[in-house]
Amino acid sequence: MRDAQATRRRLLDAAAAEFAAHGIAGARVDRISADARVNKAQMYAYYGNKDGLFDAVFEDHVEQIVHAVPMTAEDLPGYATRLYDACLARPELVRLAAWARLERVPTGPLVTGTDARSAHKLAAIAAAQRSGHIDPSLDAADVLSIVTAMALTWSPAGLIHAAAPDEPESEHEGRRRALARTVRRAFAPEPEPEPGTPARPAP
C-alpha cells in the first residue's frame, strides 16, 4: 500500500510539472513516466489516460490550496494575502488552471466539484454579510470571484507582473499590504448615513 501511494505521489508530482510547463495537449506521457520512474502501463492503470491524469493533478493541487488557505470571511484581507502566499509557493496551480481554461472549458467551473467547494465559502461570506463584516449589497459569488482575482494579481496569470519567490521580501510585503488595504476598502459595508443626510442616488 505504501509503495502504491509513493508511486502515485511521484506520478502526480511529475505530471504537475509537465502539465504546468506544456499544457494538456503538449504534455508527453513518456516524459512523465520517465520522470516519475513509473512505466506507462502502471500510469494508465491508475488514471486511465492523459486527461484522467490531468484531472487528478488539478484536483490534487486544488485540495492542497483549499487546505492551506481556509476561508475566513470575517477577514477577507487576511484570506487574500494568504492566498497570495499560497500561489507564490505553488504557482503550478495557477498555470494548470490557465491551461484548463485555454484547452478545455472557457466558461463555467473548471472541474467537477468546484461548486461543492465554493458552497461553504459562499455560505461563510453570506454569514459575514449578515454580521456586518462584508457589504451586504454585493452578491456572495461576486465577492468570492473578485477577491480571488485580486489575490492572483501577481500570480503566473497576472497581466502586468508575475511574482517570484526569490524577489526581495520587501516586494512581497508591499504587495500584501496593498492587497489587504484594497480588499478591505472594496468589501467593507458602507457606513450608515448621519440622521438628516440626504440619501445618495443610486448609480
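Me: In which loop does Arg37 lie?
Reply: This is a predicted model, so local features are read only at pLDDT of at least 70. The next helix, H3, covers 40-47, and Arg37 lies in the loop between H2 and H3.

Me: What phi does Arg37 take, and is Arg37 buried or exposed?
Reply: Arg37 is not a glycine, yet its phi is positive, at about 60°. Exposed means over 50% relative accessible area. Arg37 is therefore exposed, with a relative accessible area of 61%.

Me: How much of the protein counts as buried?
Reply: The protein has 203 residues. Buried means under 20% relative accessible area. The share that counts as buried is 36%.

Me: What share of the contacts with a separation of 6 or more comes from residues 24 or more positions apart?
Reply: Contact here means heavy atoms within 4.5 Å. Among contacts in the protein with a separation of 6 or more, residues 24 or more positions apart account for 64%.

Me: Which residues are buried in H2, and why do they count as being on the same side?
Reply: H2 spans residues 29-36. Its buried residues are Val29, Ile32, Ser33 and Ala36. They are on the same side of H2 because they cover an arc of only 95° around the axis.

Me: Which residues are exposed on the other side of H2?
Reply: The buried side of H2 holds Val29, Ile32, Ser33 and Ala36. On the other side, the exposed residues are Ala34 and Asp35.

Me: How is H2 oriented relative to H3?
Reply: Two packed helices are described by the angle between their axes and the distance between the axes. The axes of H2 and H3 are 9 Å apart, and the packing angle is about 100°. That angle makes H2 and H3 roughly perpendicular.

Me: Which residues of H3 meet H2, and how does the contact divide by residue type?
Reply: H2 contributes Val29, Asp30, Ile32 and Ser33. They meet Lys40, Met43 and Tyr44 in H3. The residues of this contact divide into four nonpolar, one polar and two charged.

Me: Where does Lys50 lie, and what does Lys50 touch?
Reply: Lys50 lies in helix H4. At 22% relative accessibility, Lys50 counts as partly exposed. Lys50 and Ala25 are 25 residues apart in sequence, but 9.1 Å apart in space, C-alpha to C-alpha. Leaving aside neighbours within four places in sequence, the contacts of Lys50 are Phe19, Ile24, Ala25, Ala27, Arg28 and Val29.

Me: How do H4 and H6 pack, and what does that make H4 relative to H6?
Reply: H4 covers residues 50-68 and H6 covers residues 92-103. Their axes are 10 Å apart, at an angle of about 135°. That makes H4 and H6 oblique.

Me: In what kind of crossing does H4 pass H6, and how do the contact residues divide?
Reply: The crossing of H4 and H6 is left-handed. From H4 come Phe54, Val57, Phe58, His61, Val62 and Ile65, which meet Glu92, Leu93, Leu96, Ala97 and Ala100 in H6. The residues of this contact divide into nine nonpolar, one polar and one charged.

Me: Is Asp135 buried or exposed, and which residues does Asp135 touch?
Reply: Asp135 is found in the loop between H7 (114-130) and H8 (140-151). Its relative accessibility is 10%, so Asp135 counts as buried. Not counting residues up to four places away in sequence, Asp135 touches Gln129, Phe187, Ala188 and Pro189.

Me: How do the axes of H8 and H9 run relative to each other?
Reply: H9 covers residues 169-187. The axes of H8 and H9 come within 10 Å and cross at roughly 160°. Angles over 145 degrees count as roughly antiparallel. H8 and H9 are therefore roughly antiparallel.

Me: In what kind of crossing does H8 pass H9, and how do the contact residues divide?
Reply: H8 passes H9 in a right-handed crossing. Val143, Ile146, Val147, Met150 and Ala151 of H8 make the contact with Leu179, Thr182, Val183 and Phe187 of H9. The residues of this contact divide into eight nonpolar, one polar and no charged.

Notes
Residues numbered from 1 in each chain as written. Predicted model: local features only at pLDDT ≥ 70, side-chain atom pairs only at ≥ 80, totals over all residues. Heavy atoms only, no water. Axes fitted to C-alpha atoms, helices over the stretch in contact; angles between N-to-C directions. Helix = DSSP H or I, 4+ residues; strand = E, 2+ residues; numbered from the N terminus. Parallel < 35°, antiparallel > 145°, perpendicular 65-115°, else oblique. Left-handed = near helix turned anticlockwise from the far one by under 90°. Nonpolar A, V, L, I, M, F, W, Y, C, P; charged D, E, K, R; others polar. Buried < 20%, exposed > 50% of the residue type's maximum accessible area, 1.4 Å probe, protein only. Arc of directions from axis to C-beta.
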